[in-house]
Amino acid sequence: MTSVQEQYDAFPYPERDPEEERTRLITGSPSHPVEIDHFLFAGKRDWSQPFRALVAGGGTGDALIQMAQVLTTARKPYEITYLDLSASAREVAEARAKVRGLKDIRFETGSLMNAAQYGPFDYIDCCGVLHHLPHPQEGFNALAGALKPGGGIGLMVYAPYGRSGVYPLQEAFATLLQGEPKDRLKAARAILDRLPEGHPFKRNEGLVDHEQGDAGFYDLLLHSQDRPYTIRELHETLGAAGLAVTGSPHAYAYDPKPYLPDAGLLYGLDDLARMEVAEKLRGTIKTHVLYAAPSGQSEGRVAAPAPGLVPHFKGGNAARMAQAIARKGVLPLNLNGEKAEIPVSGAVVSLLRHVDGKTTLAEIAAAERLDPVGFAALWNGFSKDLARYGLLYYSSILR
Ligand SMILES: C[S@@+](CC[C@H](N)C(=O)[O-])C[C@H]1O[C@@H](n2cnc3c(N)ncnc32)[C@H](O)[C@@H]1O
């Protein structure tokens, strides 16, 4: 059996070519600074103050590069510590940072179990790592212990139902295949080719990592340590670490109402029970992406519309969004193949052209000659609808 460190040394994850940094920036959740501000600092972080962040299990550097590049472009001070067990993953991350000329990054090879010794931090990114630890709860505890007061965490862990078919194969391959990672990979590919088309793994259209190179295949099907979390288990594990969820860019996915003929069926269920039901009914959630803060400090951490806040659209393309809405009177969404529509009133469309990541809501209202009450009546519902899908955030990082 390969250890976690041997695996990631043999197959640094995800596979990245540092030269591609010259032509594109990979962005995503968690850990875009605008999203961090929205979910942990109420959209009001003072970015003139240095941002001290840890990327725990940074792999080949996606979150590190995203954070460092966005903050560098915005000319905001930061110090980011990259920490990973794998020296070869670190080499790739370092090479990517070098191609971009990014400064103020500290590269460390070591375990996130020792996170506190590098901190404390305003923010910790931990994406796709905690579910690979031998004792995950200790990892959650270690990260919680490395936060500054008022800080927070952005994380991603695997979820069970959307990964249906993965775990029986991981177990079978672990029983059958010993030896070097490259030999295990070759044999596993040969076995997968021979499996019946009806196997739940082959039926699961949401699983694509194995088609994206050797590192992706190994990570998905040959991992030696991999446990998924239901949303309830995740909340409980966070709670045991003294953390509480502030919000998720995928909040819509945890709402069971679209599947129910009668919303009254939810009567008596608390928020977490509703989310748990949604996860089971939806059946396709592969990962949970969320932000968390120390329990007792988690209220009021997510931005809500207020005159001084600066709205951003994810992807930044207000013009395209406005065009789509103007054509149909709805914002059409494609969420990994699932279609949805957000109804939008015509009066909101003219507000969208002002959303440039720099203009506050008060300035947008003034430009449209709307008083605060009239503006809020138009904007707040729209804002809430988009925020559920992770499409609208608040941050003054570009001011
Ligand atoms: C699936 S990769 C994710 C990489 C990166 N966070 C991302 O999302 O692209 C998991 C990474 O966690 C690292 N890792 C696993 N256990 C760790 C630990 N205890 N401390 C630090 N890094 C660890 C692995 O070496 C690997 O690079």
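## Helix α3 against helix α4

In this predicted model, the axes of helix α3 (residues 62–73) and helix α4 (residues 87–100) come within 9 Å and cross at roughly 25 degrees. Axes are lines fitted to C-alpha atoms, for helices over the stretch in contact, with angles from 0 to 180 degrees between N-to-C directions. Helices are DSSP runs (H or I, at least four residues), numbered from the N terminus. The angle makes α3 roughly parallel to α4 (under 35 degrees). The crossing of α3 past α4 is right-handed, meaning that the near helix is turned clockwise from the far one by less than a right angle.

From α3, the contact (heavy atoms within 4.5 Å) uses Asp-62, Leu-64, Ile-65 and Gln-69. Ala-93, Arg-96, Ala-97 and Arg-100 come from α4. Four of the contact residues are nonpolar, one is polar and three are charged.

## Domain interface

Domain 1 covers 4–160 + 226–297, and domain 2 covers 311–394. These bounds come from an automatic or database domain assignment. Their centres, taken over C-alpha atoms, are 26 Å apart.

In the interface, 14 residues of domain 1 contact 10 residues of domain 2. About 1,000 Å² is buried between the domains, 53% of it from carbon and sulfur atoms. Buried area is the accessible area (1.4 Å probe) that two parts lose on being put together, summed over both. On the domain 1 side, Val-34, His-38 and Tyr-252 lose the most area to domain 2, together 53% of what that side buries.

## Basis

Local features need pLDDT of at least 70 and side-chain atom pairs pLDDT 80 or more, while totals for chains, interfaces and linings use all residues. Residues are numbered from 1 along each chain as its sequence is written, and side-chain values use heavy atoms, without hydrogens and water.

Conventions. Helix = DSSP H or I, 4+ residues; strand = E, 2+ residues; numbered from the N terminus. Parallel < 35°, antiparallel > 145°, perpendicular 65-115°, else oblique. Nonpolar A, V, L, I, M, F, W, Y, C, P; charged D, E, K, R; others polar.
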